[in-house]
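Take a moment to turn the model around on your screen.

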Amino acid sequence: MPSKSDLIIEPVALPEDGLGKPIDLNTLYGNGLPIEVEIGSGKGTFLVREAARRTDVNFLGIEWARFYWRSTCDRLRRNGLGDRVRMARADASVFLRDHIADASVAAFHVYFPDPWPKARHNKRRLIQPPFLDTVCRCLVNGGTIRAVTDHPDYAEQIETVFKAGPLRVDRCRRGTDPVVETNFENKYREEGRTFLDVIATKI
């Protein structure tokens, strides 16, 4: 888990004690637009593209790796997207639990989460029943979560967790077609990997 000093929202930084439990997202953005959260933003490809394309949405990226967190913040600044996109360096499960209010997020995006492929490490995977319960709490009614993975074993787990969870599964498909075209996806598609793409809705 990161230290408290890492729980600072960028590109527009707040003082450490400004991160409420939960965060007042309306104050954070100040524009009243719906908020979508990407967990594991990596190099920021999805955030930069979607924020530029969808000007009627605020985005919050959560990234654990300091290098990628800083790199994405820089990309957002260079592209002039700092008014509608924020980045948090944090453990996603802890951040959602402690800082995101009930019914405050319109959509979650989880693309190519760490598969923790060794059996003894499977318990570290993000998408498990407690995580989905937290997502459901944070989502507005009608809000969605979308997850994509290329790892076969994790795909089976994600499908099982989603179908048994408190959300309605609207789509669950496997294939090699482009999905969200993150850096990982483009790399894996060139290798001929199959993707699982799941979308579920809070009802």
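A residue is called buried if its relative accessible area is under 20%, exposed if that area is over 50%, and partly exposed in between (1.4 Å probe, protein chains only). Helices (H or I, at least four residues) and strands (E, at least two) are DSSP runs, numbered from the N terminus. This is a predicted model, in which local features need pLDDT of at least 70, side-chain atom pairs count only at pLDDT 80 or more, and totals for chains, interfaces and linings use all residues. Residues are numbered from 1 along each chain as its sequence is written, and side-chain values use heavy atoms, with hydrogens and water left out.

Start at helix H5, residues 129-138. Which of its residues are buried? They are Phe131, Leu132, Thr134, Val135, Cys136 and Cys138. An α-helix has 3.6 residues a turn, so residues three or four places apart point the same way. The buried residues of H5 pack against E2, helix H4 (92-99), E5, strand E6 (139-149) and helix H6 (152-164). Contact here means heavy atoms within 4.5 Å.

Ile35, Val37 and Ile39 point one way from E2. Glu36 and Glu38 point the other way, and they are buried too.

What lies beside E2? Two strands pair if DSSP finds at least two bridges between them. E2 and E3 run parallel, joined by five bridges. E2 also runs parallel to strand E5 (residues 105-111), with four bridges. Follow glutamate 38 to see both links. Its bridge partner in E3 is glycine 61. In E5, the partner of glutamate 38 is histidine 109.

E2, H2 and E3 make a right-handed β-α-β unit. A crossover is right-handed if, with the strands pointing away from the viewer, the path from the first strand over the helix to the second runs clockwise.

Next, look at the rings. Rings of Phe, Tyr and Trp (its six-membered ring) pair if their centres lie within 6.5 Å; planes under 30 degrees apart count as stacked, over 60 as edge-to-face and the rest as tilted. By this rule there are five aromatic pairs. In one of them, phenylalanine 46 and phenylalanine 59 have ring centres 6.5 Å apart and planes at 90°, so the pair is edge-to-face. This pair links distant parts of the chain, 13 residues apart: phenylalanine 46 is in helix H2 (residues 45-53) and phenylalanine 59 in strand E3 (residues 58-63). Phenylalanine 46 is buried, at 3% relative accessibility. Phenylalanine 59 is buried as well, at 0%.

Another pair joins phenylalanine 67 and tyrosine 68. Their ring centres are 5.5 Å apart and their planes at 70°, so this pair is edge-to-face. Phenylalanine 67 is exposed, at 62% relative accessibility. Tyrosine 68 is partly exposed, at 31%. Ring pairs also link Phe46, Phe59 and Tyr111 into a cluster.

Finally, step back to the whole protein chain. It has seven helices and eight strands. Of its 203 residues, 48% count as buried. Its C-alpha atoms fill a box of roughly 40 × 35 × 35 Å, taken along the principal axes. Among contacts between residues at least 6 apart in sequence, 74% join residues at least 24 apart.
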